[in-house]
Amino acid sequence: MFLDEIQNIKGWEQWIKKFYDLYGEELKFVLTGSNSSLLSDQLATLLTGRMITQHVFPISFREYLDIEGFELKDPDVQRNEILHHFNKYLFKGGFPEVVLEKYMVINHLRLTEYFNSILLRDIVVGRKIQESAKLIELANYSLSNISTLLSYSKISNATGLSINSLKEYLLYLKQAYLIYQLNFFSYSVKDSTSIKMPRKVYCIDNGLRNSVSFTFSADEGRLAENLAFIELKRRKVEFFFWKEKREVDFVIKGRDGTLTGINCTYTDLSLIHI
């Protein structure tokens, strides 16, 4: 039984628990939703040990190549073709309907509709937000400044939101799977998550970001870094950023405590590779 966006129904957790207990050996339930409120504490308590959670990201570049019918054999020989497809993917993003659509105007309208739906349905209505204009301004500001070092005070000054409201709204944008925040690397968890420390913001999809952000350049470098961020999230690794005199875009922390640094660059003659 497939149930989509069931988190919008009051008391849905108890309903699932009831029918799971009645038909769990005969019937499999697949619950899907575009908001992390689907992963409620109550559901986790009711179905402890009986459910598997899977986050589904927009399609990867390899999946994009499969959809385009491109078979990757020898990257060195196929370099120009790979670059051609990569540049399309870099700006188009990875939402399946957008990848399959050939007309840019339709894609722009569709992605703008995605953005508005996330803000209005999942956050403004779902969370009963009073300052909807401020929330939209924060979302636009965040998407326009992906991969940039930001502090709460800087964002607060730009949007006019108080620090408390800002933290709350950023959490809502994260729970709606629109943005992610990346913390500073420190061996101290307290220092890493401190409100005084800068952080980086990334978007779930480049195409979605490009459809609503206020930019005056192609931003290939930021988009490439955003792709790398989403790929690392897809691989379920623990990672941060680091900066003193120099900056490391991503610091991956291995299970054995080892650290791996990654810096992302983009030029017409090079590709990012993870």
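This report describes strand pairing and aromatic contacts in a predicted model.

## The three-stranded sheet

Three strands make up an open sheet in the order β3-β5-β4, and their pairing is antiparallel. Since β3 (149-150) and β4 (179-182) stand at the edges and each has a single partner strand, one side of each is left without a neighbour in the sheet.

The contact between β4 and strand β5, which spans residues 199-203, consists of four bridges, and the two strands run antiparallel. Within this contact, I179 has C203 of β5 as its bridge partner.

Strand β6 (residues 238-243) is joined to β7 by five bridges in an antiparallel arrangement, and a hairpin of three residues leads from β6 to β7. One of the residue pairings here is that of W242 with V248, the latter lying in β7.

Strand β7 also pairs with strand β8 (residues 259-262), again in the antiparallel sense, over four bridges; here I252 has T260 in β8 as its bridge partner. Five residues separate β7 from β8 in the hairpin that they form, and G257, which lies in the turn, has a positive phi of about 90°.

## Aromatic pairs around Y89

The structure holds 18 aromatic pairs. One of them is formed by F61 and Y89, whose ring centres are 5.5 Å apart and whose planes meet at 35°, so the pair is tilted. This pair links distant parts of the chain, because F61 belongs to helix α3 (residues 61-67) whereas Y89 belongs to helix α4 (residues 79-92), and the two residues are 28 residues apart.

Y89 has a relative accessibility of 6% and therefore counts as buried, the cut-off being under 20%. Both F61 and Y89 belong to a cluster, linked by ring pairs, that also includes Y64, F86 and Y266.

## The pair F229 and F250

A further tilted aromatic pair is formed by F229 and F250, with 6.3 Å from centre to centre and 45° between the planes. F229 lies in helix α12 (residues 220-234) and F250 in strand β7 (residues 247-253), so this pair ties together parts of the chain that are 21 residues apart in sequence.

Notes. Residues numbered from 1 in each chain as written. Predicted model: local features only at pLDDT ≥ 70, side-chain atom pairs only at ≥ 80, totals over all residues. Heavy atoms only, no water. Pairing = 2+ DSSP bridges. Phe/Tyr/Trp six-rings, centres within 6.5 Å; stacked < 30°, edge-to-face > 60°. Buried < 20%, exposed > 50% of the residue type's maximum accessible area, 1.4 Å probe, protein only.
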